[in-house]
Amino acid sequence: MRAILSVQQLSLSMGGKSLCDALDWALRPAEVWGVLGLNGVGKSTLLHSLCGLHPPDSGQISLATEPLQQMSRRAIARKVGLLFQHQDDIFPVTVLEQVMMGRHPHISMLGGEQPADLEIVERVIEKMALSGLESRLVDTLSGGERRRVAVATILAQQPQLYLLDEPEAHLDPRHQKAALAAVVADALQREGGVVMALHDINLAIRHCTHLLLLYGGGEVEQGALSEMVTLERVERLYETGMRRIEEGGQIAYLVR
Amino acid sequence: MSDEMPVTMSRSLPLLLPLLLLLFLLLTVLLALKLGSSHLEWVTLWQILLGEEQGVRATVVLELRLPRIVAAFVVGGLLALAGLLMQVLLRNPLADPYVLGVSGGAAVAALLILLLGASSVWMAPAAFVGALLSMLLVFGLARLRGSWEPMRLLLTGVVVAAGWGSIITFLLAVSPDQTLRSMVFWLMGDLGQPTLPLWELLLLLLGSVLAYLMAREINVLARGGEQAAAFGVSVERLRLVLFLLASLLTATAVTLAGSVGFIGLVVPHMIRLMGGGDHRLLVPASVLLGGGLLILSDTLARTLLAPQQLPVGVVTAMLGVPLFLYLLQRSGR
């Protein structure tokens, strides 16, 4: 199957520190990749570079067959959506206004929002259990509600490739599961894919099909979930002792 | 919520606010035409406006008060729009049109003309050139290392503005007493000039239309540069256009009336408190409110202590501070 995203000989660095070195990697339709690693290992920078927000030192990133550098911001935004780790609210907007921003790359400058855009926005607001909060200012919401607004916004964007930076942050277990399931389901329906940077290996086990492990210093391992999730790898990745529990067909890792 | 309304404009009543502001503007224009040293009845004013009454009183209204009203509207509108754009560009609610030093450059040039005793017809062109030079200086310094990042731009502008400020103080200190008074008036903002500012009005209209056309992108940019880029906005290009447009609007306002304070900082926030954060509403509403407020302020400035005229900048603050505090209290969450 043709790759949605392909990365050739990609080298990234941040503040003089190498994050990955000559990485070759491809994401095919219906794949859900988890990016795992310690704090500061370069998960966010990698996600940013995949939608053109962080220039690579060398190498090439392509969407389908088109190199990212040759695409306009608007063309990229129609295909790739990035859920940021953090959103500040210097000039607060309402929930409805924020979610409608996700439609921005699809809306022509003179045409304005169409009823179809509003339909999409209302649907994702309902999906993220935000109904009734449409006219609330986002800075009056709780952290978890704001996170769901951010997920609703990226769902409204309807990208083929979802990039999620710590999507689980601020969410309780029920909403973590619901938000990630909604994004994955939408990606599958669109024959797209997901890349998520996570801190919780157990969430990765639950939602991902593949893993990209960043060990730091540019060392990277990649592969199918079952192949990547071993006690030895997980302990090496997090530089701490872990315990593997298997019960009822579910695997979980605990810090020892 | 009705489905037919423009959906993101619906924080409160989306059409009511511009209508109310238009009404407010009309009221300030009528008041400004009527009030002044030569007393007018409403009937007389009406007859003058219909062309039924000629003579001295008609001349006063049509040739002295009307151009001044237009000038006040233009300056108020320019400053409010420039302030709105500056706040988004710098991602700082405390930004005003003068924060990047545009007015400082203009002031230094204008004061030099006064100090050198050159003809006052040179003041406006000098102020405009000073404003443009300051704009280019900040632009060049902020772009020097290739980045176009709000905090860097803000710091560069603030420091350049502080530099102009010290030169202004120096010029005031070495000026003879008789020029000092006109210098202080210029610095506080003054609308005494009686010509009809037609091309400035045109610039305000063009600037408003351009800003309105970009309003969707501005909405997205207000959420942050990286966020906007991720939603498909060409952030660098948009920031450049905002910088040039806001600076040009400010330079024009300063050239017309000196540094009238407060309007550019507070009017956008007043609209945010009354109506919301959508720039398709904020752009036209800020222009209307800024223009109306400055007409009202100027009318008070020339009538409160008549025959003495106050600098209009004093009155904008006297009106604006309580009005803004009231809105802030009312919206307290």
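## Helix 5 of chain B and its cover

In this predicted model, the buried residues of helix 5 of chain B are covered by elements that include helix 4 (102-116), helix 6 (150-174), helix 7 (177-188) and helix 11 (235-257) of chain B. The buried positions of helix 5 of chain B are B:Met123, B:Ala126, B:Ala127, B:Gly130, B:Ala131, B:Ser134, B:Met135, B:Val138 and B:Ala142.

Helix 5 of chain B spans residues 123-143, and its 21 residues reach 30 Å from the first C-alpha to the last, which is close to the 30 Å expected at 1.5 Å a residue.

## Strand 9 of chain A

Strand 9 of chain A (residues 210-216) is largely enclosed by the rest of the structure, because 6 of its 7 residues are buried. Strand 9 of chain A pairs in the parallel sense with strand 3 (residues 32-37) of chain A over 5 bridges, and within this pairing A:Leu211 is the bridge partner of A:Gly34.

Strand 9 of chain A also runs antiparallel to strand 10 (residues 219-224) of chain A, to which 6 bridges join it, with A:His210 opposite A:Ala224. In the hairpin of these two strands there are 2 residues between the strands, and A:Gly217 takes a positive phi near 65°.

## A nonpolar surface patch

A nonpolar patch on the surface is formed by A:Met109, A:Leu110, B:Val209, B:Tyr212 and B:Leu213, which together have about 520 Å² of accessible area. A:Met109 lies in the loop between helix 3 (95-101) and helix 4 (115-127) of chain A, and A:Met109 counts as exposed because its relative accessibility is 52%, the cut-off being over 50%.

Technical notes
Residues are numbered from 1 along each chain as its sequence is written. Chains are lettered from A and ligands numbered from 1 in the order in which they are written. This is a predicted model: local features need pLDDT of at least 70, side-chain atom pairs count only at pLDDT 80 or more; totals for chains, interfaces and linings use all residues. Side-chain values use heavy atoms; hydrogens and water are left out. Helices (H or I, at least four residues) and strands (E, at least two) are DSSP runs, numbered from the N terminus. The expected span of a helix is 1.5 Å times one less than its number of residues. Buried means under 20% relative accessible area, exposed over 50%, partly exposed in between (1.4 Å probe, protein chains only). Contact means heavy atoms within 4.5 Å. Two strands pair if DSSP finds at least two bridges between them. Patches are made of residues with over 30% relative accessible area and no salt bridge: like charges are joined within 9 Å, nonpolar side chains (Val, Leu, Ile, Met, Phe, Trp, Tyr) within 5 Å. Accessible areas come from the Shrake-Rupley method with a 1.4 Å probe; for residues, only the protein chains shown count as cover. A salt bridge is a side-chain nitrogen of Lys or Arg within 4 Å of a carboxyl oxygen of Asp or Glu.
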